[in-house]
Every structure is written in structure tokens, then in C-alpha cells.
Amino acid sequence: MNICIVAKYYFVERIGGAEVQAWLLACELAARGHQVSYVCESLGGREGTTETIDGVHVHWLKNRRYFPILGMPHYARALRRIRPEVVLHRYTSGYEAALGRYCKRHGAKFVWICTDDASPVRRYFHKRHSAGLLRKRRSPLARLVLWAHAKALDMSREYGMQFVTHPCVQNAAQKALFKEHFGRTAFNFPSGHKIPDTLPSKPDTPPIVLWVAGFGAGKRPELFAQLAKLCSGLGACFVMVSKRFGRDTHISPEDIYATAGEGAAFEWHIDLPLKETLAWFDRASVFVNTSVSENEGFPNTFVQAWSRGVPIVSLDVNPDGILDREGLGDRTGSLEGARDAIEKYLTGPNLAATRQHLQDYARAHFSIAGVADHLLDILDRKPDSLRD
């Protein structure tokens with residue numbers, strides 16, 4: 001089968017959950033003998049070239065930092081060169097018109113996979129544009145230009161979405177939103193990861209409490225720094241791994257360190273490669289999520305933690321109630337509750353059995369091999385009608 005995965009970036013150049021998921025799936029499908037292409041924008045000067053990485057044919061396009069709608073013709077031309085039977089899009093890009101039009105004209109299947117709870121709605125870019133104007137003052141002309149660009153992205157997206165044959169979502173909230181905004185029922189589609197064969201050993205002294213995410217306001221890294229200070233008596237090392245961030249971030253690095261407190265067992269690593277980030281998961285005893293739930297769908301970090309026997313302590317995010325329902329962690333709602341949960345997972349009984357349960361659950365539900373099986377099963381099913 002000729003499959004093309006369209007994902008805005010390649011995870012080595014810009015790491016994120018959607019990029020990691022798209023690449024792992026591409027490699028798994030290629031290993032099974034499918035002809036797999038991967039279309040993405042290069043951040044490293046490789047635009048206009050094609051190369052094969054791990055059996056996947058990568059087509060590099062030019063990255064457009066400003067007015068990305070102008071890059072849509074490059075995506076259309078890439079699809080015409082590749083001529084896939086299946087187009088899989090795991091991103092909310094604004095290029096959906098080009099993808100949908102190709103699939104309609106060539107009878108290709110169009111798989112759209114939702115990445116977070118903010119995505120399965122109409123006027124997505126307008127909402128993002130409006131939120132951005134609240135954070136940053138701009139001239140009336142700039143406001144008008146940015147509004148027009150957001151409008152164009154929304155028009156492209158909503159036109160292209162009508163040609164999606166196999167819409168996929170991560171949780172019940174996304175399914176309900178997609179049904180409300182697009183009038184159709186979506187398939188459930190889990191995250192897929194490589195599950196280690198055995199549980200990694202954890203350092204006894206000091207145990208590591210880990211946080212991994214971007215550095216946006218919705219991720220609330222400052223709460224992890226507050227938690228490190230609150231838990232100073234537990235004897236744990238609090239390790240934060242974040243993406244790079246600009247000068248206009250909502251909180252400064254100095255404020256993060258000041259919040260954690262002088263002398264706190266607190267480390268911060270920025271923009272680590274995926275392999276090094278996973279090594280921190282190997283060592284961690286507890287994983288903490290401080291994100292606002294609306295910013296998440298089903299965090300990749302949850303699966304990366306469970307697959308290494310690491311329980312989750314989450315302030316807010318708990319997709320479909322999975323943490324308490326399946327015994328995979330705690331949603332606490334407060335820093336004080338998070339402190340108690342962390343202490344429980346550091347000192348409580350039966351920790352070995354808990355860690356084994358977490359890995360067994362991850363292997364049964366979130367292995368990349370299982371997710372690839374699920375995708376191929378979905379593609380064999382009769383697609384939903386384009387309209388109810």
C-alpha cells in the first residue's frame with residue numbers, strides 16, 4: 001500500500017508529541033513492507049530534497065515561518081509526485097484543502113488524526129488568532145492582516161475536512177466535539193510507542209520526579225517548580241525537560257528557579273533529543289503533568305511513562321478518567337494533593353507490582369505495532385458518509 005503521512009515537522013528538527021507519533025507510525029508501516037512517504041517542512045535547510053530514513057521516503061518542503069497558507073501549493077505538488085492511496089494527516093495545519101482535494105480527485109483514503117482537545121472544532125485558527133491578540137498588542141493593520149490569514153486557514157481546513165474518509169480522535173471529549181462541529185462520528189485512535197522489553201531499574205537515591213512538556217502558558221511549568229519547593233522534604237530530585245522558548249514566554253527562567261527555591265533539588269534541561277528524554281523516563285519514579293486539560297488530548301508523555309513503569313500525578317489532565325479507572329496514576333486537582341500522591345508513589349507498598357501493571361497496560365493498549373494494526377483495520381472498514 002502506498003501511504004503518505006503529512007506531518008508539519010520531522011521530530012529530530014522539532015520534537016513534539018504529534019511529530020513523534022507520526023514518525024513511529026511511518027517506520028512501523030515501512031517495516032511491514034508498505035511504501036511510506038513522509039511530507040514535512042525542513043527547519044535545517046533540506047527543503048526541495050528527498051531522502052530515505054529508516055525505510056521512509058522523506059520529502060522536505062520549505063518552512064514558512066510567516067503566512068504558512070502560502071506553502072499549500074508545495075504540499076499539493078508533493079502529493080501529486082507521490083500519488084498515495086492513503087493520506088494520513090496528524091496535524092492541524094490549514095493545508096487540509098490541498099490534501100482533501102487530492103484525495104477526492106484520486107479516490108485516495110484521507111485519514112485525519114486529532115492531536116488535542118482544541119482541534120476538533122470549526123474556526124480553529126480564528127480562535128487561536130483571537131487568543132494571540134490578547135497576549136500581544138499589535139497595530140490595526142497587523143490585526144487585519146493576521147485576521148485575514150487566520151480566515152484563509154480556517155476556510156482551507158473546513159473545506160478539506162469534508163473529504164476526510166477516516167476521522168480519528170483520542171478521547172471521548174474529542175469525539176463529542178468532532179460530532180458537534182463536523183456532524184460525523186470519528187474512530188478512536190490511541191497513541192503508539194515502542195514499549196521496552198523489561199522495566200528499567202530506578203535509582204534509589206535520590207528518586208526522580210519528572211516533568212516533560214513544552215514551555216507554553218498552558219503547560220504551566222511554574223507549577224512544577226512550586227511543587228519542587230513544596231516537596232523539598234521528600235528527598236526527591238525534581239527534573240524538568242522542556243522545549244526551547246522565545247523571549248516573550250509567559251514566565252522567565254529566573255522566575256522558574258526562584259519559584260523552586262534556592263538550594264532545591266531541581267534540574268532543568270532544555271531541548272533534549274528524544275533518546276535523552278526517554279532516558280529520563282527510564283530513571284524516573286513519578287511523572288508529573290501540570291497542563292491545563294484543554295491543551296491536551298492524550299499526552300504522549302503518559303504512555304512514555306507507563307511503558308517504563310512510571311505512575312502519573314496529574315493536576316488536571318485525565319483523558320476519559322483513565323488514571324483512576326485503570327490504576328495508572330492520580331488526578332489531584334491541587335499541589336497539596338500532588339505532593340501526597342508523589343509521596344505515595346515514592347514510599348508506598350507494592351511499588352514493583354504497580355510498575356509492572358503500568359508497563360503491561362501500556363504494552364496491551366499503546367504499542368506502536370498494535371496501533372499500526374488498528375490503523376490498517378480502520379482502513380479496511382467502510383468509511384463514514386461525508387455527511388450524516
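## Patches, rings and salt bridges

Helix 2 (72-82) and helix 3 (96-106) each put at least two residues into the positive patch. Helices here are DSSP runs of H or I with at least four residues, strands are E runs of at least two, and both are numbered from the N terminus. The model is a predicted one, so to speak of local features takes a pLDDT of at least 70, side-chain atom pairs count only at pLDDT 80 or more, and totals for chains, interfaces and linings use all residues. Residues are numbered from 1 along each chain as its sequence is written, and side-chain values use heavy atoms, with hydrogens and water left out.

Patch residues have over 30% relative accessible area and no salt bridge, with like charges joined within 9 Å and nonpolar side chains (Val, Leu, Ile, Met, Phe, Trp, Tyr) within 5 Å. Arg105 lies in helix 3 and counts as exposed because its relative accessibility is 63%. The cut-offs are under 20% for buried, over 50% for exposed, and partly exposed in between (1.4 Å probe, protein chains only).

There's a nonpolar surface patch as well, formed by Tyr66, Phe67, Leu70, Leu141, Leu144, Val145 and Trp147, with about 750 Å² of accessible area together. Areas come from the Shrake-Rupley method with a 1.4 Å probe, and for residues only the protein chains shown count as cover. Leu141, in helix 5 (residues 140-161), is exposed at 60%. Phe67 sits in the loop between strand 4 (56-62) and helix 2 and is partly exposed at 37%.

Most residues other than glycine have a negative phi. Arg123 has a positive phi too, near 55°; Arg123 lies in the loop between strand 6 (109-113) and helix 4 (124-135).

Now the rings. There are 27 aromatic pairs, counting rings of Phe, Tyr and Trp (its six-membered ring) with centres within 6.5 Å; planes under 30 degrees apart are stacked, over 60 edge-to-face and the rest tilted. Phe215 and Phe245 are a stacked pair, 4.4 Å centre to centre with 25° between the planes. The two are 30 residues apart, with Phe215 in the loop between strand 9 (208-213) and helix 7 (221-230), and Phe245 in the loop between strand 10 (237-242) and helix 8 (253-260). Phe215 is buried at 5%, whereas Phe245 is partly exposed at 27%. Both belong to one aromatic cluster that also includes Trp211, Phe224, Phe238, Tyr257, Phe266 and Trp268.

Finally, the model has 14 salt bridges, each a side-chain nitrogen of Lys or Arg within 4 Å of a carboxyl oxygen of Asp or Glu. Here are some of them:

| Salt bridge | N to O distance |
|---|---|
| Glu51 and Arg46 | 2.9 Å |
| Lys219 and Glu296 | 2.8 Å |
| Asp330 and Lys344 | 2.9 Å |

Asp330 in strand 14 (residues 329-331) and Lys344 in helix 12 (residues 335-347) are 14 residues apart. Salt bridges with shared partners join Glu13, Arg46 and Glu51 into one network.
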